[in-house]
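Please read it with the coordinates open.

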Amino acid sequence: MVFSSLLFVFLFFVSNIITQAVVTDIRKKNIVMLCFSLVFYAWAGIRFVPLLLLMTLICWAAALWISRCRRQEQKKLILVLCLVLVLLILGIFKYTGFFLRNVQLLLGFPKVIPAIALPIGISFYTFQLLSYVIDVYRGDTEVQERYWLLLLYASLFHQCIAGPIVRYRDVNQDILHRRVKRTELSRGITRFTVGLAKKAVLANGCAAVVRDVFGIAVDEDLTAAIVQGTPVTGMWLVMLAYTLFIYLDFSAYSDMAIGMGLMCGFHYKENFNYPYTADSVTDFWRRWHISLSSFFRDYVYIPLGGNRCSRGRHIFNLFVVWGLTGMWHGASWNYILWGLYYFVFLVIEKYLVDTERIPRPARHLLTLLIVGFGWILFRFDGSGQLGPAVKGLFGLNGNAFGALTVRLIFRNNLFFLLFCCLAATPLAKTLGNMLRNLSQRSTLWLTVYGVWDAALPVLLLVLSMMSLAGNQYNPFIYFQF
Amino acid sequence: MRPTKQQYQRSRYRAIQVKQLLFLGFLVVMGFIGLLWFARPKTSTVEKRDLAQFPSLSLKGLWDGSFFSGVETWYADTYPLREGLIDADTKLEQLYGIRGEQMISNGEKADEIPTGTVDLAELAGRSTTEAPLPSDSGSVPVASGSPVSPVSTEAAPPATTEFNGQGAADVTEDLVQSGDIYIANGAGYGVYYFSESNSARYCLLVNQLAKNLAGKAQIYSMLCPISAGVMLSDEVRESTGASDENQATEWFYRNMDPSVKTVSMFNSLKAHNDQYIFFRTDHHWTALGAYYAYQEWCKVKGVTPHELSQFETKSFEGFLGTFYSNSNKNASLAANPDTVTAYVPMGTNSMEMYVANGDGSFTKYDWRIVNDVSDYAKSELYATFAGGDQAYNYVHNTAVTDGSSVLIVKDSYGNAFIPFLIDHYEHIYWIDFRNYKKWCAWAGYGDPSISALVERQGIQDVVLCHNISIAGSSTALDVMESIYK
């Protein structure tokens, strides 16, 4: 089930908030929440549920064991065993096909590559569980004695399949003693509906622009030949629309998760901080998918020595982190390439170019271009699409520069794309804050603010319903993560 | 006036209460509407398709999730307020940009049109770059308001009053295409892309038919241009990436067997492109467009065409055809609905036709060649011509008594053309290539070939009337293969 579907909003979610409000006892609340989460997870196929239960079991047992050990070496051994086991399972499900395909290319065997279905959300919940075990080992969080409560943490439907990666220590208190505050409920309502509309109207609209440029139908797959035949301006329009799409889409899932969390007493950290306002690549990664980059920072980069080491070692540390970041996004060379692409720019910013000396607007534009080009690496996979896509941007496919189709798609969506660009900036937030400040100064503005704040969620729900009904294209791209 | 802290808090408290009530109330009401299973629609008149059905429960479906995704699709697809929501969304999307000019493309690309002679067999074997045809193409109509095939096979009285004439043409959806559409100045234009390999395949099929019919019947090939090539200037047409339809037609005709009489109509239509010869909101030509083609056919056949003024006319207003539905209801098209004018044959307006019941069986109806469609859905008005796209049709024109006969093998472009041909023959047969094979299977004719039909009915002339896109569509050619023999 995806958040941006009528069934989720009008049946699943509405039943969930009603039951959460009706049940007052925290234990029962958690049982109900777990049931909802397991149903939500099983929606992608019951076959994926046993693995989730197993991974949680391994991490629950390992953490419990660690907490009961006295000796540090023993704790470490259990931690390492747990990490190896969990990462091995992740590797088998996520990377076997990729690994064997490459072996086959190099050595000619194996002849048959087993098709292993990727369990939905595996990368998200695995990382959550790992952070829990490591935090218990480090003494950063208390151990959870009850298996089903840890399962609730891992499977919580708010963030299980599309993030953010929530740390156990951040929600431990919420699991045990959450209470919904009126103001938080109100904020949650706004946040959820903003996220829903952002996904249903804006992100899906941007995805439709990409599809239109390639001229493919909703149920049709993109092929290398189609990419090859796309004119130069078409590829640039694809880059623009996809850059907008992936931010609006991904951050919308985080918005919805944060909003749903607030509505029932969970507090998740922000996952995006207007990444397209960044003025350097380093800055971009402080603002993009924060829960993932801080995971790698805390559990890989710093243990490796971070930047408090020799230059060579630091560069190596960055290389490892960005190689892994790329791999985390999917089992395909283009994701690894995408991760290492950022490694290169981060090293350049760190050691070669003082970005502060570039005028800010130019710096910003440059960052956007780097990020936008990065999304081309991210979007077009290794099945022969990446080469033509990159070449296409620079007119190396022998196509015309422009085409009527591209010009018209751009004109037909001009205002929409402009609106999406604005939606990627803090403009709306600033306007909201201004309105709130005004409301403290005059009763008239107080009324305006009250009406606006109360009406906005319903308005956004109506807009989302319209888009979800009218637009058959509702991509969910996080299956591969 | 600046609110006091107390006033502020009280006001915020109230506003938040209202906000919660509104939000939850809205979700509950919409959720409740979603539970009204009896209010869920089965078909969409806007999109002309059957909506998703509730998936059947199976262990496999539960295990791999296909059951659940089916439920999700069914829930959204048949949500009771869906049509209204889609309408509202369409209006909203008109604000996304400047939408007067639009290109609805399936990513198809044109091949160069070769000038010299070619080896057809070699070309036909070559793989094609053609993109799949759009599946939501439009003229597999869903009857609005009443069931699609109202007559059961058992009690099958040819009661013309019961069949509403809309829909029921059981043709493969992929084969009813409007293809790529260019929209400008309130009109849509069908864009044609020449495909070398597919076009070669078509010529091979025609030539094979010519061989089989040698000495038995005379073949006429009519390749009907579609609108972009005729209505747009060459410059604009080229900017859409469309091929030159005149050159393409010449290529086809050059590669057909010399025994096939070819009807060139492009120049005549082009010369009349200041007239209403193509619909603005639909991919078909108008009867007037078909009339100019008919004049050219008369020249080739060596007969005198009838004057338009000789015919009685019928007009139906407010037509919004396939361009309109396939462009997601483009507003500039909605503002320029078409009028369908039909010319009633002089000899007779009565025909027999066989309508597919959807289960492989057919029902015979007495019908009208030009039918009154004033109470049809506004998207269905082209169905006034020749019964729409029915598999097998026959007219006995008693005003002509020379025993002459003709078979028209056609797609929907033929429909507007057929009424003009009626007055030239005593026996007029036409088949729609898309479902004729099914009809043969039902009627007990093992051989669905054109030559078998020609022999059976002693037909003298065979007119192959197709729009030029169909003659280059691999999906269409796959179907033609079994009957062009």
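This is a predicted model: local features need pLDDT of at least 70, side-chain atom pairs count only at pLDDT 80 or more; totals for chains, interfaces and linings use all residues.

1. Chain B contains 17 helices and 15 strands. Of its 485 residues, 49% are buried. Among the contacts in chain B with a separation of 6 or more, 77% are between residues 24 or more positions apart.

2. The contact between the chains. On the chain B side 53 residues take part, and they meet 54 residues of chain A. The elements of chain B that give two or more residues to this side are helices H1 (5-35), H2 (59-64), H3 (66-77) and H4 (82-93), together with strand S3 (102-104). H1(B) supplies the largest share, 15 residues. By residue class, the chain B side divides into 28 nonpolar, 16 polar and 9 charged residues.

3. The nonpolar cores. The largest nonpolar core has 249 residues, and Val133(A), Cys206(A) and Val462(B) have the most contacts inside it. The element that gives the most to this core is helix H10 of chain A (residues 232-263), with 21 residues. Another core, of 15 residues, lies apart from it; Trp288(A), Ile290(A), Val321(A) and Tyr342(A) are among its members. In soluble globular proteins, nonpolar side chains tend to be buried together.

4. Surroundings of Val462(B). Leaving aside residues up to four places away in sequence, Val462(B) touches Leu213(B), Ala217(B), Ile219(B), Leu407(B), Val409(B), Ile450(B) and Val454(B).

5. Strand S6 of chain B. This strand covers residues 218-224, and it is largely enclosed by the rest of the structure because 5 of its 7 residues are buried. Which strands pair with S6(B)? S15(B), residues 461-467, runs parallel to S6(B) and is joined to it by 7 bridges. Within this pairing, Leu223(B) stands opposite His466(B). S7(B), residues 261-263, also pairs with S6(B) in the parallel sense, over 3 bridges. There the bridge partner of Tyr220(B) is Lys261(B).

6. Helix H3 of chain A. H3(A) has 20 residues (49-68), which at 1.5 Å a residue should span 28 Å; the end C-alpha atoms are 29 Å apart, so the two values agree. The buried residues of H3(A) are Leu52(A), Met55(A), Thr56(A), Cys59(A), Trp60(A), Ala62(A), Ala63(A) and Ile66(A). They lie on the same side of H3(A), because they cover an arc of only 165 degrees around the axis. An α-helix has 3.6 residues a turn, so residues three or four places apart point the same way. Pro50(A), Leu54(A) and Arg68(A), on the other side of H3(A), are exposed. The packing partners of the buried residues are helices H2 (26-42), H4 (72-107), H5 (122-138) and H6 (147-155) of chain A.

7. Gly321 of chain B. Gly321(B) sits in the loop between strand S8 (312-319) and helix H12 (322-326) of chain B. Not counting residues up to four places away in sequence, Gly321(B) touches Phe279(B), Thr281(B), Asp282(B), Asp338(B), Ser379(B) and Tyr382(B). Pro337(B) is 16 residues from Gly321(B) in sequence, and their C-alpha atoms are 8.6 Å apart.

Conventions: Residues are numbered from 1 along each chain as its sequence is written. Chains are lettered from A and ligands numbered from 1 in the order in which they are written. Two residues are in contact if their C-beta atoms, placed from the backbone, lie within 7 Å. Helices (H or I, at least four residues) and strands (E, at least two) are DSSP runs, numbered from the N terminus. Ala, Val, Leu, Ile, Met, Phe, Trp, Tyr, Cys and Pro count as nonpolar, Asp, Glu, Lys and Arg as charged, and the others, Gly among them, as polar. A residue is buried if 20 or more other C-beta atoms lie within 10 Å of its own, exposed if 12 or fewer, and partly exposed in between; C-beta atoms are placed from the backbone. Two strands pair if DSSP finds at least two bridges between them. A nonpolar core is a set of buried Ala, Val, Leu, Ile, Met, Phe, Trp, Tyr and Cys residues joined through C-beta atoms within 7 Å. The expected span of a helix is 1.5 Å times one less than its number of residues. The arc is that of the directions from the helix axis to the C-beta atoms.
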